Structures are given as C-alpha cells and as structure tokens.
Amino acid sequence: MTLETGKTRRNSSLWLSLVLGLAAVACNFLFFLRPPAQAAIPWLSLALALAAFVFLGLGVKRLFGQPRGIAARIFGSVVALVSLIFAAGGTFGFYKARAVPASADAPQIGQTVPAFTLADSGNRPVTLAELLAGSSVDSASGVAPKAVLLIFYRGYW
C-alpha cells in the first residue's frame with residue numbers, strides 16, 4: 001500500500017515477527033534462572049513463537065503483495081528468514097524442554113551423600129571415605145579435608 005506521498009509503508013509485521021521470535025528463544029534461557037512462574041515459561045515461549053509465525057505470514061504476504069524495490073524485497077526476505085529461524089528455535093526449545101526427564105530423585109542441597117566409589121582422573125577407584133580420611137594419593141599434606149564438593153550435572157546422554 002502506498003501513501004499519498006508515494007512512499008511505501010514499513011513492513012512492521014516482519015519486524016514484530018523478529019522481535020517475537022527473539023523473545024521466544026529468550027524465554028527458553030529464562031527458564032534456567034528459576035523465576036517464580038517457572039512452569040509457565042515453556043508455554044509462554046510457545047505462544048510467542050506461534051505469534052511470530054502469524055506475523056511472519058502477514059509480513060511475507062505484505063512484502064510480496066505490494067510493489068517494492070528489489071533491495072527492499074531482499075532485505076525483507078533476510079529479515080523473514082531470521083525471524084523464521086528464531087520462531088522455529090522457540091518452538092523446538094518448547095518440545096525439547098518437555099523431553100527432559102523429571103529430577104525427582106536428584107540430590108538436594110545439604111542432603112547427606114551415600115557412600116560411593118568412582119574412578120579418578122588416573123582411572124583408579126576412589127571412595128568417599130578415602131577422600132574424607134585424607135588417605136588419597138593426591139593428598140600431599142595428609143590432612144583430612146572437612147568436606148568434599150560434589151557437582152551434579154542434570155542431563156542425559
């Protein structure tokens with residue numbers, strides 16, 4: 001559509017689609033910050049991605065439905081492609097986040113750890129009791145540590 005001055009209107013639908021797609025992807029990262037409404041974040045991400053798809057369709061229809069210069073069509077196509085990638089990434093993140101298994105049996109902070117034996121960097125078995133007793137090979141001073149720091153990575157391979 002052209003204005004009376006002969007200038008074409010900006011395609012705000014494409015830009016809105018890009019912003020919504022970016023927000024959908026950002027919501028997937030926001031999930032790991034543990035905000036109060038954490039359970040609603042994947043659904044918000046999906047809603048933003050779906051809205052991005054709707055505005056992307058409107059923007060592409062406007063881009064190729066109106067007379068525009070070749071440079072404007074190329075630039076609009078690039079913006080549409082980037083918007084499509086972000087919206088698809090938000091949707092993909094929603095479905096992949098739902099596939100992560102629940103962490104009901106994961107250890108909690110401050111929970112007592114049961115006795116265990118794991119391989120060290122030299123592939124030798126080391127028990128928790130050995131670490132706390134200070135009799136491990138890596139202990140040069142022979143002084144028993146007061147604690148052992150265990151780091152658990154949630155995920156599956």
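Helices (H or I, at least four residues) and strands (E, at least two) are DSSP runs, numbered from the N terminus. The views below show a predicted model, in which local features need pLDDT of at least 70, side-chain atom pairs count only at pLDDT 80 or more, and totals for chains, interfaces and linings use all residues. Residues are numbered from 1 along each chain as its sequence is written, and side-chain values use heavy atoms, with hydrogens and water left out.

**Figure 1. Overall arrangement of the protein chain.** The protein chain contains four helices and two strands, which follow one another along the sequence in the pattern α-α-α-β-β-α. Of its 157 residues, 23% are buried; buried means under 20% relative accessible area, exposed over 50%, and partly exposed in between (1.4 Å probe, protein chains only). The accessible surface comes to about 11600 Å², and carbon and sulfur atoms account for 68% of this surface. Accessible areas come from the Shrake-Rupley method with a 1.4 Å probe, and for residues only the protein chains shown count as cover. Among contacts (heavy atoms within 4.5 Å) between residues at least 6 apart in sequence, 61% join residues at least 24 apart.

**Figure 2. Helix α1 and the elements that cover it.** The expected span of a helix is 1.5 Å times one less than its number of residues. The buried residues of α1 are S13, L14, S17, L18, L20, G21, A24, C27 and N28. Their cover includes α2 and α3.

**Figure 3. Helix α2 between its first and last residues.** The 25 residues of α2 should span 36 Å at 1.5 Å a residue, and the end C-alpha atoms are 36 Å apart, which agrees. Buried in α2 are I41, P42, S45, L46, L48, A49, A52, L56, G59 and L63. The cover over these buried residues includes α1 and α3.

Figure 4. V82 and L14 are separated by 68 residues in sequence and by 10.0 Å in space, C-alpha to C-alpha.

**Figure 5. The nonpolar cores.** A nonpolar core is a set of buried Ala, Val, Leu, Ile, Met, Phe, Trp, Tyr and Cys residues joined through side-chain atoms within 4.5 Å. The largest such core has eight residues: L20, A24, C27, I41, L48, A49, A52 and A87. Helices α1 and α2 each supply at least two residues of this core, and α2 gives the most, with four residues. Apart from this core lies another of six residues, among them L14, L18, L56 and V79. When residues up to four places away in sequence are not counted, L20 touches L48, A51, A52 and F55.

**Figure 6. Aromatic pairs.** Rings of Phe, Tyr and Trp (its six-membered ring) pair if their centres lie within 6.5 Å; planes under 30 degrees apart count as stacked, over 60 as edge-to-face and the rest as tilted. A search of the whole structure finds three aromatic pairs. In one of them, W15 and F75 are tilted, at 5.8 Å centre to centre and 45° between the planes. This pair links distant parts of the chain, since W15 lies in helix α1 and F75 in helix α3, 60 residues apart. W15 counts as partly exposed at 43% relative accessibility, and F75 counts as partly exposed at 48%. F94 and Y95 form an edge-to-face pair, 5.1 Å centre to centre with 75° between the planes. F94 counts as buried because its relative accessibility is 2%, whereas Y95, at 53%, counts as exposed. Ring pairs link W43, F94 and Y95 into a cluster.

**Figure 7. The loop between the two strands β1 and β2****.** N123 is found in the loop between β1 (117–119) and β2 (125–127). Its phi is near 65°, a positive value in a residue other than glycine. N123 is exposed, with a relative accessible area of 63%.
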